[in-house]
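Subject: Structure handover

Hello,

Here is the structure for you to look over. My notes on it follow below.

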Amino acid sequence: MPFTHRLATPADIPDLTEIMNTSIAELQKGFLTEAQIASSRMVMGIDTQLIEDGTYFIVEEGHEIAGCGGWSRRATLYGGDHTPGREPTLLDPATDPARVRAMYTDPAFARRGVGRLILDLCERAAAAEGFTTLELMGTLAGEPLYRAYGFQAVERIEDDRGGAPVPLVRMRKDI
């Protein structure tokens, strides 16, 4: 059955949170230690601003959520509702890159094209609003997908707000 997609609504938040928690717990294995996976929950998770802005996609197979992710015209680069330091300022498409945000795949659907579909949707939507560059903060688990899609690493950081330092990579792509 082919994947379909739609915009997320507030009613989807419980199901999205479950997918995110499962994705963080399972898909980060092999890239992060257990302490880093636990710590990463501080900088990952649901961002309801994306849903409110109408820029957050759900990919489904039938009625099952395979993954989710979106883009933003706001300055926050990464983090969930609970993450300190969020910045809701609107970006200028003429000078700022749109943000690709909060991408999660249900582990049962990993490596089946869910992430690529979300990136395609984000790129097209951001380009339609005049953005010419995309930027994201990727996990080590997500970096291979983003590189394959054309993103280039521009900065590597560690975020230790959750306790253990979590390695992340800021990436950009011209569109």
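Is Arg111 buried or exposed? Arg111 counts as exposed, because its relative accessibility is 78% and the cut-off for that class is over 50%. Please keep in mind that this is a predicted model. Arg111 sits in the loop between β4 and α4, the latter covering 114-128. Its backbone deserves a look too. Arg111 is not a glycine, yet has a positive phi of about 60 degrees.

Ala102 also has a positive phi, of about 50 degrees, and is not a glycine either. Its setting is a strand: Ala102 belongs to β4, residues 98-105. Ala102 has 15% relative accessibility, so it counts as buried, the limit being under 20%.

Now the overall picture.

The protein has 5 helices and 7 strands. Read from the N terminus, the order is β-α-α-α-β-β-β-α-β-α-β-β. The radius of gyration is 15 Å, close to the 16 Å that the globule rule gives for 175 residues, so the protein is as compact as a globular protein of that length. Along the principal axes, the C-alpha atoms fill a box of roughly 40 × 40 × 30 Å.

Some totals:

- Burial: 50% of the 175 residues count as buried.
- Contacts: take those with a separation of 6 or more; 69% of them join residues 24 or more positions apart.
- Surface: the accessible area is about 8,100 Å², and carbon and sulfur atoms contribute 52% of it.
- Charges: there are 18 positive and 26 negative ones, and their mean positions lie 4 Å apart.

Strand β6 spans residues 152-159 and strand β7 spans residues 166-174. The two strands pair in the antiparallel sense, over 7 bridges. Between them run 6 residues. Within this hairpin, Gly163 takes a positive phi near 120 degrees. Across the pairing, Arg156 stands opposite Val169 of β7.

What does Val169 touch, leaving aside residues up to four places away in sequence? Its contacts are Leu136, Met137, Gly138, Thr139, Glu143, Ala153, Glu155 and Arg156. Val169 has a relative accessible area of 0%, so it counts as buried. For a distance across the model, take Val169 and Glu52. They are 117 residues apart in sequence and 26 Å apart in space, C-alpha to C-alpha.

Gly30 gives another such pair. How many residues separate Gly30 and Ala141 in sequence? The separation is 111 residues, while their C-alpha atoms are 8.3 Å apart in space. Gly30 lies in the loop between α1 (13-27) and α2 (34-40). Gly30 counts as exposed, because its relative accessibility is 80% and exposed means over 50%.

To recap the residues with a burial class: Val169 and Ala102 are buried. Arg111 and Gly30 are exposed. For the backbone, the positive phi values are those of Ala102, Arg111 and Gly163.

Best regards

Definitions and conventions. Residues numbered from 1 in each chain as written. Predicted model: local features only at pLDDT ≥ 70, side-chain atom pairs only at ≥ 80, totals over all residues. Heavy atoms only, no water. Helix = DSSP H or I, 4+ residues; strand = E, 2+ residues; numbered from the N terminus. Rg over C-alpha atoms; globule rule 2.2 N^0.38 Å. Buried < 20%, exposed > 50% of the residue type's maximum accessible area, 1.4 Å probe, protein only. Contact = heavy atoms within 4.5 Å. Areas by Shrake-Rupley, 256 points an atom, 1.4 Å probe, with all protein chains shown as cover. Lys, Arg positive; Asp, Glu negative; His and termini not counted. Charge placed at Lys NZ, Arg CZ, Asp CG, Glu CD. Pairing = 2+ DSSP bridges.
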